[in-house]
Amino acid sequence: MLVKYKKSFEKIAMGLLSFMPDAKEVKTLQSIIHSYENDDNWKLFLWKEEDVLGAIGTRFEDDKIIVQHISVTPSHRNQGIGKQMVLQLKDQFGDQYFVCPNENTEDFFQYSLAKE
Ligand SMILES: CC(C)(COP(=O)(O)OP(=O)(O)OC[C@H]1O[C@@H](n2cnc3c(N)ncnc32)[C@H](O)[C@@H]1OP(=O)(O)O)[C@@H](O)C(=O)NCCC(=O)NCCS
């Protein structure tokens, strides 16, 4: 299930975000996690089973939620977790917000919705 990020998940969240093409540099990654921790409009959600297996990072902007990051731990890919994160986010917020990707998440986002 999707849970809200909290500081105790910082290391695992940074590991997951580091798989995003825009977060390869350590400084960039630190600045991204800083924004998720401190900017009220940036909200990070984690996919938690027994362990944390995925992350979906968003920015709330007026009536939109922009999906900026989607990542699943390599050992658990291709089991539908990525798609479930996108669909649960839409389930939770889709009535109030238009949920859309940015250029970094567009390919997988569209793929997830096509497979809905
Ligand atoms: C993209 C990612 C989150 C998918 O997570 P996942 O849990 O493996 O996804 P699902 O199991 O729900 O779906 C797997 C499908 O997504 C497809 N897929 C993987 N990456 C994709 C991408 N960048 N664009 C489009 N489709 C993609 C796979 O080919 C697979 O297709 P199939 O079911 O037809 O074989 C994961 O591969 C990842 O963490 N990648 C590194 C981070 C990244 O690049 N994120 C941005 C992607 S735009």
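Guide: Gladly! This is a predicted model.

Visitor: Where is arginine 77 placed in the chain?

Guide: Arginine 77 sits in the loop between β4 and α3.

Visitor: Is arginine 77 buried, partly exposed or exposed?

Guide: To read this, look at the relative accessible area: buried is under 20%, exposed is over 50%, and partly exposed is in between. Arginine 77 has a relative accessible area of 38%, so it is partly exposed.

Visitor: How far apart are arginine 77 and aspartate 63 in sequence and in space?

Guide: In sequence, 14 residues separate arginine 77 from aspartate 63, and in space they are 31 Å apart, C-alpha to C-alpha.

Visitor: Now for pockets. What volume does the largest pocket have?

Guide: The volume of the largest pocket is about 420 Å³. Its lining is made of 20 residues, and our arginine is among those nearest the centre: these are Ile70, Val72, Arg77, Gly82 and Phe108. As for elements, β4 (64–72), α3 (81–93) and α4 (106–114) each give two or more residues to this lining.

Visitor: How do the residues of that lining divide into nonpolar, polar and charged?

Guide: The lining of the largest pocket has 8 nonpolar, 8 polar and 4 charged residues.

Visitor: And which residues line the second largest pocket?

Guide: Among them are Lys4, Tyr5, Tyr36, Trp42 and Leu44. Two or more residues of this lining come from each of α2 (26–38) and β2 (42–48). The second largest pocket has a volume of about 150 Å³, and its lining counts 4 nonpolar, 1 polar and 5 charged residues.

Visitor: Let's step back to the whole chain. How many helices and strands does the chain have?

Guide: There are 4 helices and 5 strands. Along the sequence, they follow the pattern β-α-α-β-β-β-α-β-α.

Visitor: How compact is the chain?

Guide: One way to judge is to set the radius of gyration beside the globule rule. Here the radius is 13 Å, close to the 13 Å that the rule gives for 116 residues, so the chain is as compact as a globular protein of that length. The C-alpha atoms fill a box of roughly 35 × 35 × 25 Å along the principal axes.

Visitor: What share of the residues count as buried?

Guide: Of the 116 residues, 42% count as buried. The accessible surface comes to about 6900 Å², with 47% belonging to carbon and sulfur atoms.

Notes. Residues are numbered from 1 along each chain as its sequence is written. This is a predicted model: local features need pLDDT of at least 70, side-chain atom pairs count only at pLDDT 80 or more; totals for chains, interfaces and linings use all residues. Side-chain values use heavy atoms; hydrogens and water are left out. On a 1 Å grid over the protein atoms alone, a cavity is a set of points where a 1.4 Å probe fits but cannot get out, and a pocket is an open set with protein on both sides within 12 Å along at least five of seven lines; lining residues have an atom within 4 Å of a point. Grid points are joined across faces, edges and corners, and a volume is the space filled by probe spheres set on the points. Ala, Val, Leu, Ile, Met, Phe, Trp, Tyr, Cys and Pro count as nonpolar, Asp, Glu, Lys and Arg as charged, and the others, Gly among them, as polar. The radius of gyration is taken over C-alpha atoms; the globule rule is 2.2 Å times the number of residues to the power 0.38. Buried means under 20% relative accessible area, exposed over 50%, partly exposed in between (1.4 Å probe, protein chains only). Accessible areas come from the Shrake-Rupley method with a 1.4 Å probe; for residues, only the protein chains shown count as cover.
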